[in-house]
Structure formats: structure tokens, C-alpha cells
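Please view the sequence and the structure together while reading.

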Amino acid sequence: MATSKRDVQIVLITGMSGSGKSVALHALEDLGFYCVDNLPPELLLPLVKLERGFYTKRLAIAIDVRSASSLPLVPEQLQQLKAKGYQVDSIFLDATADTLIRRFSETRRRHPLSQAIQLDAASDERHALTEAIALERNLLSDLRIQSHVIDSSMIRPTQLQSYVKAFIGAPGEQMTLVFESFAFKRGLPSDADFVFDVRMLPNPHYEPELQPLTGRDQPVIDFLQQQPDVERMLQHIQTFLDEWLQALSQNHRSYVTVAIGCTGGQHRSVYFVEQLSLRFKNQWSTLKRHREIDGK
């Protein structure tokens with residue numbers, strides 16, 4: 001007998017060229033998914049039907065801008081699969097334009113949309129690549145909106161693999177709430193739905209004995225818990241999220257990323273992510289990410 005739809009987990013991997021889709025697929029392969037790369041969207045529904053007949057319970061599919069002409073089909077196809085009872089998750093891998101340009105330059109690969117860009121003879125290679133990335137971002141915008149976004153600009157491949165595995169392991173019945181710490185000095189994470197700045201709070205970095213530690217270490221926790229403004233800020237963020245997360249869930253949002261930033265992404269923002277995750281874990285499926293210290 002074929003596998004029940006309810007038992008089939010489908011993960012769509014999409015995103016910008018050079019953002020790490022192959023790394024994400026390898027992570028899913030490690031988890032036992034049957035992986036298909038660069039599938040034309042026209043074959044998405046037939047493939048799911050075929051693999052269900054072969055008792056495939058975990059299916060990961062990568063679709064990218066090489067299928068540009070048929071990309072508009074994908075959002076509706078995902079909704080059809082969900083309506084039929086399949087468990088469907090969509091991950092969009094993103095990165096800044098500068099990061100993507102650097103990666104293409106290092107690998108000397110051509111962007112898939114290079115030939116679609118009409119430039120005069122005086123245009124340089126970087127300008128052509130910038131135009132191709134902008135076009136790709138526009139073509140993929142509808143898929144990004146309904147996906148869980150992971151910004152791979154400043155994380156290592158091993159971090160990306162762990163983030164993908166953690167996300168897939170989260171319960172699929174409710175909205176997933178991701179708390180992410182980061183350093184403002186290294187730029188804003190593009191995957192954030194909400195960003196909170198905690199740089200105005202007392203900084204453990206200026207305490208010599210706390211400087212090499214992180215917001216997960218007890219001495220730093222003790223220091224921050226002694227600061228009245230820290231708890232006040234936590235309460236303000238918690239109140240805001242309590243007020244609006246339910247509305248987001250009712251609006252069919254499956255994923256929400258809350259980014260907390262401080263100067264170095266090591267002490268205050270890490271502490272806030274740990275504390276907020278604790279406070280919300282009984283209400284929502286929660287994940288934690290520490291962009292600057294994960295994997296160290």
C-alpha cells in the first residue's frame with residue numbers, strides 16, 4: 001500500500017544562486033531525505049505522486065532560477081500539496097549581493113541568468129553579475145515570501161547544515177519561532193522579520209573577566225540579570241511578541257524570525273535569544289541561532 005500523505009514530508013529548497021542550496025540538500029540527505037536537484041516545476045506534482053507510490057516518506061526538492069519561465073507555478077503547487085494533506089516546508093536561502101558576487105568571483109562560475117542580461121560592451125563583469133542577481137531576486141520574490149528564509153551571508157557551511165537540520169526537526173503543526181542573535185558591526189541578517197537593538201544596555205564586554213565569555217555562560221547571565229534595564233527590555237520584547245504572534249499565526253504564517261542585535265553578537269544578544277526562547281517555548285515551536293558564535 002502507498003504511503004499515507006500525512007506521513008510524507010516534503011521540503012522545497014530554493015533561493016539565490018550561490019547561497020548554499022547544495023549544502024542544504026546535503027544536510028537533508030544526511031537526515032534520510034530522497035533529494036532531487038534542479039527539478040523543473042512542471043515535474044513537482046508528478047514526482048510527489050510517483051515517490052509516494054514507492055513509499056518515500058521524506059522528499060527534498062531543489063528548484064532554482066534555471067527554471068525561470070515556470071517558477072510562477074510553484075507557490076500554487078505548494079498550496080495544492082498542503083491542501084491534499086502533505087507536510088510541506090519551504091526553505092529559501094538568501095545572501096547579500098556583495099556576498100554572492102564574491103562567491104561567484106572566487107569560483108569563477110557564471111550566473112545562470114548571465115545570458116539574460118542585455119548590457120553594452122563597456123559594462124564590466126561585476127556590473128553584469130549585479131544585474132543578474134537583481135533579476136534573480138525579483139523572479140524568486142514570491143517564493144521567498146512564503147518560505148522560511150536563512151541568510152547564509154555570514155555563516156559557515158557547517159552552520160547552515162545545522163540550521164537546516166534544526167528547522168526540519170521542529171514540529172510542523174504550529175508556527176515556528178526563530179530567535180537569532182547577531183552583531184550590528186557585521187550587518188543586519190536579511191532573514192529577520194523583526195529586529196530588536198539591545199546596544200543601549202550595559203555591555204559585559206567591558207568587564208575583563210566576562211569579555212571572553214558569551215551570553216550562555218553563567219557569569220555573563222548573572223551580570224545581565226543584575227541590570228534592571230535588561231529585564232525591562234526583555235519584558236517589552238515579550239509583550240510585543242505576545243501581542244502579535246497569534247495574529248501572524250492566524251494569517252497563515254508558518255515561520256517568524258526575531259533577530260536581536262548588539263555590538264559584537266556575543267554577550268547581550270545571545271543572552272536575549274536564550275531567555276526569549278525559554279519564555280516562548282511552551283507557546284510555540286522555537287529555534288535558537290547565534291550567528292556570530294555558532295560553530296566556534
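Which side chain does E51 join through a polar contact of 2.7 Å? The partner is T56: the side chains of E51 and T56 are linked by that 2.7 Å polar contact, a term for a pair of N or O atoms within 3.5 Å, where within protein one must be able to donate a hydrogen and the other to accept it, and residues adjacent in sequence count only if both atoms are side-chain atoms. The model is predicted, with local features needing pLDDT of at least 70 and side-chain atom pairs counting only at pLDDT 80 or more, whereas totals for chains, interfaces and linings use all residues. Residues are numbered from 1 along each chain as its sequence is written, and side-chain values use heavy atoms, with hydrogens and water left out.

**Surroundings of E51**

E51 lies in helix α2; helices (H or I, at least four residues) and strands (E, at least two) are DSSP runs numbered from the N terminus. Not counting residues up to four places away in sequence, E51 touches Y34, T56 and L59, contact being heavy atoms within 4.5 Å.

| Residue | Relative accessible area | Class |
|---|---|---|
| E51 | 11% | buried |
| C35 | 23% | partly exposed |
| C262 | 2% | buried |

The structure holds zero disulfides, defined as pairs of cysteine sulfur atoms within 2.5 Å.

**Strand pairing**

Strands pair if DSSP finds at least two bridges between them. β3 runs parallel to β1, joined to it by five bridges, and L12 stands opposite I61 of β3. Three bridges join β3 to β2 (residues 34–36), also in parallel, with Y34 having L59 as its bridge partner. From β2 the chain crosses through α2 to β3 in a right-handed β-α-β crossover; right-handed means that, with the strands pointing away from the viewer, the path from the first strand over the helix to the second runs clockwise. Four of the five residues of β3 are buried, so β3 is largely enclosed by the rest of the structure.

**Nonpolar cores**

A nonpolar core is a set of buried Ala, Val, Leu, Ile, Met, Phe, Trp, Tyr and Cys residues joined through side-chain atoms within 4.5 Å. The largest has 31 residues, of which I10, L12, L39, V48, I61, I63 and Y86 touch the most other members. Elements giving two or more residues to this core include β1 (9–15), α2 (44–53) and β3 (58–62). Apart from this core lies another, of 28 residues, among them V198, I260, C262 and V273.

Key
Buried means under 20% relative accessible area, exposed over 50%, partly exposed in between (1.4 Å probe, protein chains only).
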